[in-house]
Amino acid sequence: MKPKTTIQELALSLTARNHSPTLLNSDFLKYSGIVPPDWELARPPVFSPQISQVAFTNGINIVAQSNAITFIESLSTKSQEDVKIPAIIRKYVEALPRTDYQTLSINPRSFVTFEAGDENAAREYITSTLLAKGTWFDAGKFPVKAAVNLVYSLERGEFNLSVAEALLQLQEAEPTPAVLFSGNFQYEIAGELEGEKLQHLYKLLENWQPDLEAYREIVNGRFLGLKEVEQLPSAA
């Protein structure tokens, strides 16, 4: 059976020196104008000195740790203009401009699902479709489990892609076997002065679309063999 893409997400992550997770709370996000005041919480926030998390009903999640803050958004069928997290990150940085930001990571990921109940489908896809069988395959008492890590050298920089088995629980449905494709593009935020680093960061935030398109060209076009590479539809 041909797998299908069920869930696609985009995560943008900033690393920063001495970033306090206690800064992240819904009041700060709204009073600082980082998110609109009418956004509703999906569940009670997590708040601690080690990690804080705020999740909204529109599918946007923000997670802060001592050295990083990550913004996650479900892509679904959104147009490029509807993707919100790049603008949210810029507002967050503008509210905290003196934080020493180090890197920006652009991390798209997809869950590719198979028929529920076929618990070996994801494993067989990796070991039989992505890998060539050999004497390594049948050692041991149980079928081998496999994960693949790949590094591509693209024009914009290095692209890391991991492929691994997953079990996806969608609401009340039976757990679904899946393969998780996780991509990573990481960029150093360059500049000697604070203003130079912020301007470089803003430029990186304005150019996330080519990385997502490169991810989809490789995953959808080359791994999954789709005739037309799925991309974010352009806004009308």
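How are α2 and α4 oriented to each other, roughly parallel or roughly antiparallel? I opened my notebook with that one.

**Entry 1: ground rules.** I am working with a predicted model, in which local features need pLDDT of at least 70 and side-chain atom pairs count only at pLDDT 80 or more, while totals for chains, interfaces and linings use all residues. Residues are numbered from 1 along each chain as its sequence is written, and side-chain values use heavy atoms, with hydrogens and water left out.

**Entry 2: the overall layout.** I looked up the secondary structure and found five helices and eight strands in the protein chain. Helices (H or I, at least four residues) and strands (E, at least two) are DSSP runs, numbered from the N terminus. From that end, I read the order as β-α-β-β-β-α-β-α-β-β-β-α-α. The protein chain has 236 residues, and buried ones make up 41% of them. Here buried means under 20% relative accessible area, exposed over 50%, and partly exposed in between (1.4 Å probe, protein chains only). I also checked contacts (heavy atoms within 4.5 Å). Among those between residues at least 6 apart in sequence, 65% join residues at least 24 apart.

**Entry 3: back to my opening question.** Two packed helices are described by the angle between their axes and the distance between the axes. For helix α2 (residues 85-95) and helix α4 (residues 194-205), I noted an angle of about 170 degrees and axes 10 Å apart. The axes are lines fitted to C-alpha atoms, for helices over the stretch in contact, and angles run from 0 to 180 degrees between N-to-C directions. α2 and α4 are therefore roughly antiparallel to each other.

Which residues make the contact? From α2 I listed Pro 86, Ile 89, Arg 90, Val 93 and Glu 94, and from α4 Leu 198, Leu 201, Tyr 202 and Leu 205.

**Entry 4: the buried side of α2.** I found Ile 85, Pro 86, Ile 88, Ile 89, Tyr 92 and Val 93 buried in α2. Seen down the axis of α2, these residues fall within an arc of 160 degrees, so they line one face of the helix. The arc is that of the directions from the helix axis to the C-beta atoms.

Lys 91 is also found in helix α2, and I saw that Lys 91 is partly exposed, with a relative accessible area of 39%. Leaving out residues up to four places away in sequence, Lys 91 touches Gly 33 and Ile 34. I noted too that Lys 91 and Leu 29 are 62 residues apart in sequence and 9.3 Å apart in space, C-alpha to C-alpha.

**Entry 5: Ser 26.** Is Ser 26 buried or exposed? Ser 26 is buried, with a relative accessible area of 15%, and lies in helix α1 (residues 26-31). Beyond four places away in sequence, I found that Ser 26 touches Leu 41 and Val 54.

**Entry 6: α3 and Leu 161.** In helix α3 (residues 121-130), I found Ala 121, Ala 122, Arg 123, Tyr 125, Ile 126 and Thr 127 buried. Their cover includes β6 (147-154), β7, β8 (176-188) and α5 (209-223).

I then picked Leu 161, which lies in strand β7 (residues 157-168). Leu 161 is buried, with a relative accessible area of 1%. Not counting residues up to four places away in sequence, Leu 161 touches residues including Val 148, Phe 181, Tyr 215 and Phe 223.

Terms used: Angles under 35 degrees count as roughly parallel, over 145 as roughly antiparallel, 65 to 115 as roughly perpendicular and the rest as oblique.
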